[in-house]
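Keep the model open while you read.

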Amino acid sequence: MKSLEEMIEVEALRFIEPDYASLVNNGEPAVLICEAEPEAGGARILLDEEGNPLLFAVKNGDAWFATSWMFRDPTQAELELFEAADGDMYEEARGDIDAALRAYFSQIIIEEIRPTREDITEERIDKIRSLVREKFGESVSGICIDACCGSGIGSQVMREIGASPIAYDNDPELLSLGFSNGRLKPEETVCIDGRIASAYMPDAEFGLGIMFGQMYTYTKDIWQPIVEELAGVTEKTLITVATEEEAQWVKEWAAGVGRYLEISENDRDPIYDRWVIFG
């Protein structure tokens with residue numbers, strides 16, 4: 001996979017946005033990057049295969065500064081800056097650009113965040129593997145959204161049966177653990193708030209939420225949008241929880257976005273994944 005630097009032929013990039021979550025923003029990076037005042041030839045735009053501009057980089061001194069247009073439109077000031085600098089355009093597939101963006105910001109987590117202690121056993125992974133294959137099949141293709149992925153059990157088992165995971169969680173220490181043990185891949189993973197996941201995630205064939213919760217009456221306002229976001233962008237969805245009450249909540253929330261899932265009991269794991277909501 002090409003890096004963003006390779007895509008626009010520069011040695012190194014520094015993004016104005018501090019993290020992937022900030023790519024959905026209020027436009028402040030546009031102001032910051034317009035202060036870079038590039039020299040002639042010191043600006044580059046990266047387009048997707050349909051001609052949509054997704055990344056803007058300017059050279060200031062010896063450094064290249066970048067901002068993403070993946071989730072926002074270019075501002076007029078940015079476009080005028082590019083024209084004034086007599087910049088160059090490059091083109092790559094949109095999916096490749098997004099994967100490279102995920103990898104760029106994942107690398108920051110890898111370098112700066114110490115992994116939390118491993119708390120997943122091979123026995124637990126085997127139980128999830130068995131459950132996933134029962135529900136989704138032995139061989140699949142397409143994107144799988146791995147919501148609240150933790151250290152990446154879901155991504156690992158979906159990758160094994162042929163899916164292309166895109167994973168997210170808001171805990172960088174768990175993501176760092178997933179990167180260190182190989183369950184998560186940088187180009188497939190982002191650190192975002194699952195309550196607004198649809199702002200970042202594509203529609204996908206599969207959705208996975210392994211051990212959502214613990215859910216309590218006083219945390220339902222947090223978990224309801226997480227479930228709604230996952231159910232809303234996926235065609236087939238598998239969520240596990242610890243209690244039947246939680247399962248009923250998940251089923252109700254999914255129904256609120258037009259997804260009608262069924263509840264079943266999972267005898268593989270009487271603690272973490274006892275109740276399954278699937279459809």
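Arg-183 is buried, because its relative accessibility is 6% and the cut-off for buried is under 20%. This is a predicted model, so the values here are computed from predicted atoms. What does the side chain of Arg-183 meet in a salt bridge? The partner is Glu-118, at 3.0 Å from N to O. Glu-118 sits in the loop between α4 and α5 (122-136). Arg-183 sits in the loop between α7 (172-181) and β8 (189-191). The pair is 65 residues apart and links distant parts of the chain. Glu-118 counts as partly exposed, because its relative accessibility is 36%.

Now move to helix α5. Asp-126 and Arg-129 both lie in this helix. They are 3 residues apart, about one turn of the helix. Their side chains form a salt bridge, with the closest N and O atoms 2.5 Å apart. Is Arg-129 buried or exposed? Arg-129 is buried, because its relative accessible area is 18% and the limit is under 20%. Asp-126, at 41% relative accessibility, counts as partly exposed.

Another bridge joins Lys-135 and Glu-134, at 3.6 Å from N to O. Here Lys-135 is partly exposed at 22% relative accessibility. Glu-134 is also partly exposed, with a relative accessible area of 48%. Salt bridges can also be linked into a network, as with Arg-124, Asp-269 and Asp-273. Across the whole structure, the search finds 16 salt bridges.

Next, look at charge on the surface. Which residues gather in a patch of negative charge? They are Glu-49, Glu-50, Glu-91 and Asp-96. Patch members have no salt bridge, by the rule used to build patches. Asp-96 lies in helix α4, residues 94-112. Asp-96 counts as partly exposed, because its relative accessibility is 40%.

Finish with Ile-16. Where is Ile-16 placed? Ile-16 is in the loop between β1 (14-15) and α2 (28-33). Its relative accessibility is 23%, so Ile-16 counts as partly exposed. Leaving aside neighbours within four places in sequence, Ile-16 is in contact with Pro-29, Leu-32, Ile-33, Phe-65 and Ala-66.

Definitions and conventions. Residues are numbered from 1 along each chain as its sequence is written. This is a predicted model: local features need pLDDT of at least 70, side-chain atom pairs count only at pLDDT 80 or more; totals for chains, interfaces and linings use all residues. Side-chain values use heavy atoms; hydrogens and water are left out. Helices (H or I, at least four residues) and strands (E, at least two) are DSSP runs, numbered from the N terminus. Buried means under 20% relative accessible area, exposed over 50%, partly exposed in between (1.4 Å probe, protein chains only). Contact means heavy atoms within 4.5 Å. Patches are made of residues with over 30% relative accessible area and no salt bridge: like charges are joined within 9 Å, nonpolar side chains (Val, Leu, Ile, Met, Phe, Trp, Tyr) within 5 Å. Accessible areas come from the Shrake-Rupley method with a 1.4 Å probe; for residues, only the protein chains shown count as cover. A salt bridge is a side-chain nitrogen of Lys or Arg within 4 Å of a carboxyl oxygen of Asp or Glu. Lys and Arg count as positive and Asp and Glu as negative; His and the chain ends are not counted. The place of a charge is taken as NZ of Lys, CZ of Arg, CG of Asp or CD of Glu.
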